[in-house]
Amino acid sequence: AWIPSAGAQASRGGAHPGFAQAERNAVELKQGMTLEEVQKLLGKPKRTALRSTGSAAGEPWRGTLQWTYAWGTERSLQVVFAAKTPEQWYVDSWDWSIY
């Protein structure tokens, strides 16, 4: 029987969901999502990191922004963003550390 997913929607809106809820929400991650869309889906990240991938003289800066969501010491989800412009980040990839 099909069960509506209204309960999955309830914990969104910036709060940091529990692992089971975050795991269900993460199924909706898509390449190209904005920072705001990811935060609405998964809440605020536990950690952030900015990494430069280098660029040649005269070329725009290139790098990645990494958001890490952690539950306990063994479960984490890392969402990696790339930038179209310095102010316009979008999801490039994501990965679970332990599944």
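In the predicted model, helix H2, which spans residues 19-26, has Phe19, Gln21, Ala22, Asn25 and Ala26 among its residues in buried positions. Viewed down the axis of H2, the buried residues fall within an arc of 160°, and they therefore line one face of the helix. H2 lies across strands S2, S3 and S4, and its direction makes an angle of about 120° with that of S4. Helix H3 also packs on the sheet, where it touches S2, S3 and S4, but its direction makes about 5° with that of S2.

The buried residues of H3 (residues 35-42) are Leu35, Val38, Leu41 and Leu42. Seen along the helix axis, these residues fall within an arc of 130°, so that they line one face of H3. This buried set packs against H2 as well as against strands S2, S3 and S4, whereas the face turned away from the buried side carries the exposed residues Glu36 and Lys40. After H3 comes Gly43, which has a positive phi, near 90°.

These helices belong to a protein with three helices and four strands, arranged along the sequence in the pattern α-α-α-β-β-β-β. The four strands form an open sheet in the order S1-S2-S3-S4, with antiparallel pairing. S1 and S4 are the edge strands, each of which pairs on one side only, and the twist from one strand to the next averages 25°.

Strand S1, comprising residues 47-52, lies largely in the open, because the number of buried residues among its six is zero. S1 is joined to S2 (residues 63-71) by six bridges, and the two strands run antiparallel. Within this pairing, Thr48 has Trp67 of S2 as its bridge partner, while Leu50 is partnered in S2 by Leu65.

In S2, by contrast, nine of the nine residues are buried, and the strand is mostly covered. Gly63, Leu65, Trp67, Tyr69 and Trp71 point one way from S2, while Thr64, Gln66, Thr68 and Ala70 point the other way, and all of these residues are buried. Such an arrangement follows a general rule: in a regular strand, side chains alternate between the two faces of the sheet. S2 is also joined to S3 by seven bridges in the antiparallel sense, and the bridge partner of Trp67 in S3 is Val79. S2 and S3 form a hairpin with three residues between them, and Gly72, located in the turn, has a positive phi of about 70°.

Val80 stands opposite Ser93, a residue that lies in S4. Ser93 is partly exposed, with a relative accessible area of 31%. When residues up to four places away in sequence are not counted, Ser93 touches Gln78, Val79 and Val80. Ser93 and Leu29 are 64 residues apart along the chain, and their C-alpha atoms are separated by 9.1 Å.

The largest nonpolar core contains 19 residues, of which Leu29, Val38, Leu42, Leu77, Val79 and Phe81 touch the most other members. At least two residues of this core are supplied by each of H2, H3, S2, S3 (residues 75-85) and S4 (residues 88-96). Leu29, with its neighbours within four places in sequence left aside, is in contact with Val38, Leu41, Leu42, Leu77, Val79 and Trp94. In soluble globular proteins, nonpolar side chains tend to be buried together.

Over the whole protein, 33% of the 99 residues are buried. Among contacts with a separation of 6 or more, 39% are accounted for by residues 24 or more positions apart. The protein exposes about 6600 Å², of which carbon and sulfur atoms supply 52%.

Key:
Residues numbered from 1 in each chain as written. Predicted model: local features only at pLDDT ≥ 70, side-chain atom pairs only at ≥ 80, totals over all residues. Heavy atoms only, no water. Buried < 20%, exposed > 50% of the residue type's maximum accessible area, 1.4 Å probe, protein only. Contact = heavy atoms within 4.5 Å. Areas by Shrake-Rupley, 256 points an atom, 1.4 Å probe, with all protein chains shown as cover. Pairing = 2+ DSSP bridges. Core = buried A, V, L, I, M, F, W, Y, C linked by side-chain atoms within 4.5 Å. Arc of directions from axis to C-beta. Axes fitted to C-alpha atoms, helices over the stretch in contact; angles between N-to-C directions.
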